[in-house]
Amino acid sequence: MKFFKIIIFFFLLFNLNNAAYSSDVHFVDIKYILNNSKAGKGAQDFLKKKYDSEKKKLEKEMSALKKAESDLIAKKKIVSKDEYKKSLDELRKKSVGYQKKSRQSSTDWINKKNEARKKIVNALSPILQKYMKENKIDMIVDKKYVLMADSNFDLTNKILKILDKELKSVNLN
């Protein structure tokens with residue numbers, strides 16, 4: 001009888017331990033949600049158009065600088081040294097201005113991209129919290145931190161549908 005009680009005690013002890021470790025943990029692919037949500041796709045399209053237009057402007061400016069440089073080289077023997085030096089300094093200033101514009105354009109684009117990402121993640125956070133409460137989920141982890149898991153624990157598509165209903169677009173102006 002004593003032996004039987006000890007076996008039951010250990011059985012209950014191990015069962016309680018297993019129950020403690022079986023918390024409900026799911027995962028979502030945040031990168032997929034950012035890239036495939038309506039708001040994410042809209043932000044990507046907006047940023048791509050902005051990037052392309054800035055690129056065209058910068059390419060036009062670069063070709064104008066190259067043309068001015070080739071014209072200056074062609075005129076080198078015709079104009080005086082002072083005029084050549086003055087034109088060369090002017091061209092260098094324009095070149096420095098072009099480089100600043102190029103860096104600023106790149107920085108602006110990166111800032112807009114980060115802003116869009118932040119807005120989507122901020123909208124996603126309360127959606128995840130609400131989903132966790134409603135479905136009694138203990139933890140949701142980003143998929144990139146999951147080594148292996150059953151696909152039944154993947155909430156990406158469910159969360160994506162909810163996000164698309166609640167956040168149609170992101171204002172980046």
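A contact here means heavy atoms within 4.5 Å. With that in mind, the tour covers a predicted model.

**Whole chain**

Of the 173 residues, 21% are buried.

**Helices α3 and α4**

Next select residues 38-75, helix α3, together with residues 81-135, helix α4. Two packed helices are described by the angle between their axes and the distance between the axes. For α3 and α4 the angle is about 175° and the axes are 11 Å apart. An angle over 145 degrees counts as roughly antiparallel, and α3 and α4 are therefore roughly antiparallel to each other. Colour the contact of α3 with α4 by residue class: 16 residues are nonpolar, 5 are polar and 8 are charged.

**Y51 and W109**

The structure holds 1 aromatic pair, formed by Y51 and W109. The ring centres are 5.9 Å apart, the planes make an angle of 55°, and the pair is tilted. Y51 belongs to helix α3 and W109 to helix α4, so the pair ties together parts that are 58 residues apart in sequence. Are these two residues buried, partly exposed or exposed? Y51 has 41% relative accessibility and counts as partly exposed. W109, at 26%, also counts as partly exposed.

**The largest nonpolar core**

Now select V28, I33, I120, L124, L155, I159 and L163. These have the most contacts inside the largest nonpolar core, which has 22 residues. Two or more residues of this core come from each of α2 (30-36), α3, α4 and α5 (156-166). Which element gives the largest share? That is α4, with 6 residues.

Zoom in on I120, one of the residues with the most contacts inside this core. Leaving aside residues up to four places away in sequence, I120 touches L34, A39, G40, L163, L167 and V170. Of these, L163 is also among the residues with the most contacts inside the core.

**A separate core**

Finally, select L58, L65, L72 and L91. They are among the 6 residues of another core, which lies apart from the largest one.

How values were computed: Residues are numbered from 1 along each chain as its sequence is written. This is a predicted model: local features need pLDDT of at least 70, side-chain atom pairs count only at pLDDT 80 or more; totals for chains, interfaces and linings use all residues. Side-chain values use heavy atoms; hydrogens and water are left out. Axes are lines fitted to C-alpha atoms, for helices over the stretch in contact, and angles run from 0 to 180 degrees between N-to-C directions. Helices (H or I, at least four residues) and strands (E, at least two) are DSSP runs, numbered from the N terminus. Angles under 35 degrees count as roughly parallel, over 145 as roughly antiparallel, 65 to 115 as roughly perpendicular and the rest as oblique. Ala, Val, Leu, Ile, Met, Phe, Trp, Tyr, Cys and Pro count as nonpolar, Asp, Glu, Lys and Arg as charged, and the others, Gly among them, as polar. Rings of Phe, Tyr and Trp (its six-membered ring) pair if their centres lie within 6.5 Å; planes under 30 degrees apart count as stacked, over 60 as edge-to-face and the rest as tilted. Buried means under 20% relative accessible area, exposed over 50%, partly exposed in between (1.4 Å probe, protein chains only). A nonpolar core is a set of buried Ala, Val, Leu, Ile, Met, Phe, Trp, Tyr and Cys residues joined through side-chain atoms within 4.5 Å.
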